[in-house]
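Visitor: I would like to learn how to read some features of a model. Where do we start?

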Amino acid sequence: MFGLEALDLARMQFAFTISFHILFPAITIGLASYLAVLEGLWLKTHNDTYRDLYHFWSKIFAVNFGMGVVSGLVMAYQFGTNWSRFSDFAGSVTGPLLTYEVLTAFFLEAGFLGVMLFGWNKVGRNLHFFATVMVAIGTLISTFWILASNSWMQTPQGYEIVNGQVIPVDWLAVIFNPSFPYRLLHMSTAAFVATAFFVGSSAAWHLLRGKDNPAIRTMLSMAMWMALIVAPIQAVIGDFHGLNTLEHQPAKIAAIEGHWENVGDEPTPLILFGWPDMKAEKTKFAVEIPYLGSLILTHSLDKQVPALKEFPPEDRPNSTIVFWSFRIMVGLGFLMIFTGLWSLWLRKRDKLYTSRPFLYLALWMGPSGLIAILAGWFTTEIGRQPWVVYGLMRTADASSNHSFMQMSITLIMFVVVYFALFGAGLGYMMRLVRKGPKIDEGKETNDGGPGRKRTPARPLSAADDNGDNDHSPSLTKEI
C-alpha cells in the first residue's frame, strides 16, 4: 500500500511514539530546574510570589512527568518487539546504558518526587528544597545516559564486533563518543529554551486577558531573561555541533545543505531555500548565497563541503526531509533570539508587560521550542539513515520479521491510543495553565512553606472549577 513495506511502518511507528515522548522529557527537564530556582529564590527572599509560582508549576510538572514515564516505557518495549535484530547486535551497549539511566536517574527522581510534590507540609524547608534539587539533577542525569546511548549510535567507538555482535571494550570511549558532548549540551539547552517559551507564553496569555499580578509578571520576566541569555548560547552550541557532524557524518551535512556536487575548487554556497530532488540528484529552485556555505560549515572562504554525489546512492540520507527540518529548527532559533532581544528593549522602556504586539508574539512562540526540538530530532535521526548504528548496521537489517499487516494494525492502534490518552493529558495540562497561579491577596501568607501549615501540591485536583486551592487546609478534594 502506497509503496510502503513493513520496515517503513516500523520506522513510522517508532518515529510517531518517540515524537510524542520527546516533548514530555524536554519540559520535565526545564520545569524541574525552574522549580528548584523558584524554591531557592523563595527561601532566600521570602517573597511569596516565588512560592505561589512553585505550587502552580509543580502541578504541571507532575502531570507532564507522568505522561513522560508512560510514553517512555513504550519506547523501551519497541526495541524488543520491532527492532529485535538491532537489540541482538548492539544490546550489549545500549542495554547497559539504559539500565544505568534507570538505576541512577529514574530511581533518584522517583525517590524524591513524592517529597517534592506531597511533602510541602510534611518536611522541613531545607529537606524539601533538597528533594526538589535532586529531582532536577535526576532529569539531567537521565538526559546524560539517553544521549550517551543515542550518540553512540551516531558515532560509535569503544567496541569490537565478535560473532556478529557488538562487544564494548572501553566504556569511557563508548559513553564519551565524539558526538556525545555536543548532543548533550544541545539537547539540555533546547529543553531549557523550550520551557522558557512555554512559561513565557503562559504569562503572555494571562496578561493579554487582563490578569496582571506579580506572579504573572515574574513568569514572563524570568522566561524572557532565559530566552535572551540561552537562545544565543544554543546557536553557538549548534555551530560546534555542526562542525562535529561534518567531521563524523559528512553525508548528513550534505543532505542538510541540499548540496549535490562541488564545482572545481569553488567554495560551497549556502542554499537558503530550494527543493532537493533525490531522483534528479539536484536541488530545484535553489536560492544560493556564494561562499556562505563554506564560511558557516568550515569557518573558511575556500574549503569545500562534501557533496551528496560523493556518496553511493544507497548511503545518502533523504535530503528532501532533513533540508527543511533543519531550516525549521534554525528559523525558530532566530525567532527565539529576536524575541529575547525585543523583550530586553521593552524592559528598558518599562513596556514588557503592556506591549500587546510583543505579548502576542510571546504567546505564539509558546510551542516554538518543542517544534524546534522535533525538527532537530528529525534532522538528526533521518540524517543518520540508512544506518541504525552509523557505519555498522543498516536500518533495513535491524527490524524484526513482522508482516505488513501486523505493523499496520499496531501503528493504527498506537495513533488512536496516543491521541486519546495523551490528548486528554495535554488538554488537562493546558487547563491548569489557563487557571494560572493562585495568590492570596490582601492577607499574610508567610506562614506557608515546607513543615508549615500548607497542603501539598495536588496536580490531579488542581483544575477543579469549584475553587480548590493550595491554601485550604482541607484534603477532602484530594483525588
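Guide: With the naming of elements: helices and strands are DSSP runs, numbered from the N terminus. By that scheme, P386 is found in the loop between α12 and β5 (387-389). Keep in mind that this is a predicted model.

Visitor: How many bridges join β3 to β4?

Guide: Six bridges link β3 (residues 270-277) with β4 (residues 282-289), and the two strands run antiparallel. They form a hairpin with four residues between them. D277 stands opposite K282 of β4.

Visitor: How does one describe two packed helices?

Guide: By the angle between their axes and the distance between the axes. Here α6 and α12 (residues 368-384) pack at about 155°, with axes 7 Å apart. Angles over 145 degrees count as roughly antiparallel, so α6 is roughly antiparallel to α12.

Visitor: Which residues of α6 and α12 meet?

Guide: On the α6 side they are R183, M187, A190, A191, A194 and F197, which meet S368, G369, L370, I373 and T380 in α12. The residues of this contact divide into seven nonpolar, three polar and one charged.

Visitor: What span should helix α13 have, and why?

Guide: The expected span of a helix is 1.5 Å times one less than its number of residues. Helix α13 (residues 404-435) has 32 residues and so should span 46 Å; its end C-alpha atoms are 46 Å apart, which agrees. Just after α13, G436 takes a positive phi of about 75°.

Visitor: Which residues of α13 are buried, and what covers them?

Guide: Buried means under 20% relative accessible area. In α13 the buried residues are M407, S408, L411, Y418, F422, G425, Y428, M429, L432 and V433. Their cover includes α1 (6-45), α2 (48-81) and α6 (180-208).

Definitions and conventions
Residues numbered from 1 in each chain as written. Predicted model: local features only at pLDDT ≥ 70, side-chain atom pairs only at ≥ 80, totals over all residues. Heavy atoms only, no water. Buried < 20%, exposed > 50% of the residue type's maximum accessible area, 1.4 Å probe, protein only. Contact = heavy atoms within 4.5 Å. Pairing = 2+ DSSP bridges. Axes fitted to C-alpha atoms, helices over the stretch in contact; angles between N-to-C directions. Parallel < 35°, antiparallel > 145°, perpendicular 65-115°, else oblique. Nonpolar A, V, L, I, M, F, W, Y, C, P; charged D, E, K, R; others polar.
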